[in-house]
Amino acid sequence: MPGATEDLHSRLPKELTATLPLRSLIRDTTLGLEVIGSADISERLITWVYVSELPNPGPWLDGGELVLTLGLWLRNGSCTADLYVQRLVESGAAALAVLAAPQTADLATYPEVPPELVAAANCHGLPLLRVPGEVTFLTVTKTIAYALASQSLARLSETLDAQELLARDAVGRGGLAGMTARLATLLNAWILVIGPTGTILDSTPNAPLDRVEELLSGVRASLSARGPNVLPLLSATESVLAYRLQAGDRHCGSLIIGRQVPPTATQRRVINLASVIMTLILDREQGELDLSQRLRTKYAQALLRSDNRTAELLAALIGIAVPTGPVFVLAAGSRVAGDQPRQRAWLALRESLGTAVVAADNESQVAVLDAPAGAGLDLVKPIVSDVPDLVIGLAGPVDPQDLGLAQRQAMSALAEAMRTDCQVIDSNRPAPKRLLDVLPRAAARAFAAEALGPLLEYDRTHRGDLILTLRCWLEHSGQWEPTSAAMGVHRHTLRNRIGRVEEVLGVRLSSADTRMELWAALQLRHDEV
């Protein structure tokens with residue numbers, strides 16, 4: 001039934017809506033349609049059929065329709081041929097078909113397509129077809145409707161089959177790896193699944209692992225929580241798309257797909273489903289990891305406040321043993337301002353310490369280390385050389401019942417390290433006094449306030465970060481590339497900010513004396529904060 005076919009067609013997702021090449025319709029000998037005029041039909045695609053005798057059917061068209069007409073609007077003079085064709089072109093009609101048959105008592109028709117209509121179609125570039133008298137408009141409509149519906153159902157069936165296979169892989173033993181392999185086969189593509197920190201979670205054998213950093217830089221530059229879910233990445237030889245795997249506010253990673261040609265509408269639907277399932281898998285895994293980390297954080301906090309009963313209960317739940325011998329306590333921080341650099345430094349430290357970590361409080365970034373007496377510094381010194389902004393305060397070795405005191409000592413050592421150039425301070429080996437420490441406090445505060453006052457006022461009124469920029473630039477000895485990398489800004493942006501610092505303070509940072517005084521003022525202000 002045509003009505004049922006039309007309803008099915010209209011309810012299909014737009015990206016699965018089929019199109020019928022006009023040439024295929026003309027090649028159907030059962031219809032006997034004939035091309036009239038000179039308009040190019042090679043790229044014309046039909047999306048639907050519309051039968052009308054209105055002088056302006058445009059408002060009822062969506063674009064791509066084959067308009068069927070007897071030409072009554074021309075016979076009764078309600079519209080000229082040129083205006084009619086112009087309106088169809090403006091509405092996006094794919095082609096116009098006119099019934100050419102001898103007139104009967106019941107039906108007023110043109111025996112041939114009117115010459116003025118042919119001229120108008122040629123003028124506006126609209127394909128014009130002649131429908132023979134023995135073929136009804138219903139026959140043309142049914143032929144097109146069934147062809148489009150069959151194509152749409154085939155695409156939908158292909159999509160559903162692919163979705164079923166992906167779902168089976170996801171819930172079966174294959175998991176993420178099975179889905180990656182299946183998706184690569186369905187798309188004839190290489191695939192990379194990247195975690196939120198840039199770690200490769202899975203990949204196909206043909207994936208360009210040597211280009212991971214290049215691809216990730218493109219993802220980081222353009223994919224954000226508020227940005228597009230899919231991003232085309234630049235490539236001279238293939239189509240590369242990156243899909244953001246986002247569960248609410250949690251960024252679970254990225255799905256990167258490369259193939260010779262861009263994916264079709266059907267393939268895009270398959271990818272969208274795969275990205276949703278991958279997000280659920282990664283979000284679940286991340287949730288389990290978060291739960292484990294929260295339990296371990298609570299365990300560390302119980303140890304540090306000497307709540308032995310809670311610590312033993314949590315240790316049994318996690319499956320670890322409470323320490324009985326001497327331990328160290330370590331407090332970590334970062335010289336780069338902000339929570340993200342601090343978190344990155346902490347994660348790098350934890351990963352490098354490995355099994356030496358007995359417990360880790362991820363909230364305060366304090367760790368309990370199981371190490372032989374005297375080995376605390378030996379553990380952390382190689383790590384700080386690889387993480388330049390990492391700062392550590394160390395206390396111990398102490399017995400487990402003295403962890404609270406050791407934590408306070410480690411935090412004090414960390415604060416001392418932040419005030420000095422030291423990356424590691426052992427509370428058992430206090431740092432030497434600094435020149436700034438012998439200055440009278442009132443005079444030191446007044447000096448810092450006067451030297452940095454204009455920058456502080458500028459940052460307050462302009463919501464700027466010139467103080468942070470100046471500190472980071474001086475920390476990196478005025479080197480542009482290391483400073484821009486540490487701050488995560490382009491070097492041209494950094495140069496503009498340093499130029500604004502000079503302008504606001506009325507100084508030239510090329511002067512060693514000026515840099516020394518500003519550095520001293522920053523250190524004094526940091527001590528007060």
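Which residue forms a salt bridge with R497? In this predicted model, the partner of R497 is D465, and the closest N and O atoms of the two side chains are 3.3 Å apart. D465 lies in the loop between α14 and α15, while R497 belongs to helix α17 (residues 491-505), so the pair ties together parts of the chain that are 32 residues apart in sequence. With a relative accessibility of 29%, D465 counts as partly exposed.

Side chains of opposite charge can pair when their charged atoms come close. The structure holds eight salt bridges, and one of them joins R130 to E112, with 3.1 Å from N to O. This pair also links distant parts of the chain, since R130 sits in strand β7 (residues 128-132) and E112 in the loop between β6 (95-100) and α5 (115-124), 18 residues apart. R130 counts as buried because its relative accessibility is 17%, where the limit for buried is under 20%, whereas E112 is partly exposed at 46%. Another salt bridge, between R460 and E457, has an N to O distance of 2.6 Å, and here both residues lie in helix α14 (residues 441-462), three residues apart, which is about one turn of the helix. R460 counts as exposed at 59% relative accessibility, and E457 is partly exposed at 38%.

A charged residue may also be found without such a partner, as D202 shows: D202 is buried yet has no salt bridge, and the nearest side chain of opposite charge, that of R182, is 12 Å away. D202 is placed in strand β9 (residues 200-203), and its side chain is joined to that of T180 by a polar contact of 3.0 Å. If neighbours within four places in sequence are left aside, the residues in contact with D202 include L176, A177, I191 and V193.

The aromatic residues come next. A pair of aromatic rings is described by the distance of the centres and the angle of the planes. The structure holds two aromatic pairs. In one of them, the ring centres of W73 and Y84 are 3.7 Å apart and the planes meet at 15°, so this pair is stacked. W73 is in helix α3 (residues 72-75) and Y84 in helix α4 (residues 81-90), eleven residues apart, and the pair thus links distant parts of the chain. W73 counts as buried at 0% relative accessibility, and Y84 likewise counts as buried at 0%. The other pair, W473 and W480, is tilted, with 5.7 Å from centre to centre and 45° between the planes. W473 is buried at 7%, but W480 is partly exposed at 23%. A ring can have a charge above it as well, for the charged end of R75 sits over the ring of Y110, 4.4 Å from its centre.

W473 is among the buried residues of α15, as are L466, I467 and R471. Eight of the ten residues of this helix (residues 466-475) are buried, so α15 is largely enclosed by the rest of the structure. Just after α15, S477 takes a positive phi of about 55°.

A last stop is V368, in strand β15 (residues 366-369), which is buried with a relative accessible area of 0%. Not counting residues up to four places away in sequence, V368 touches several others, including L304, V327, F328 and L403. V368 and L303 are 65 residues apart in sequence, and their C-alpha atoms are 8.8 Å apart in space.

Conventions:
Residues numbered from 1 in each chain as written. Predicted model: local features only at pLDDT ≥ 70, side-chain atom pairs only at ≥ 80, totals over all residues. Heavy atoms only, no water. Phe/Tyr/Trp six-rings, centres within 6.5 Å; stacked < 30°, edge-to-face > 60°. Helix = DSSP H or I, 4+ residues; strand = E, 2+ residues; numbered from the N terminus. Buried < 20%, exposed > 50% of the residue type's maximum accessible area, 1.4 Å probe, protein only. Lys NZ or Arg CZ within 6 Å of the ring centre and 35° of its normal. Lys, Arg positive; Asp, Glu negative; His and termini not counted. Salt bridge = Lys/Arg side-chain N within 4 Å of Asp/Glu carboxyl O. Polar contact = N/O pair within 3.5 Å; in protein donor to acceptor, adjacent residues only side chain to side chain. Contact = heavy atoms within 4.5 Å.
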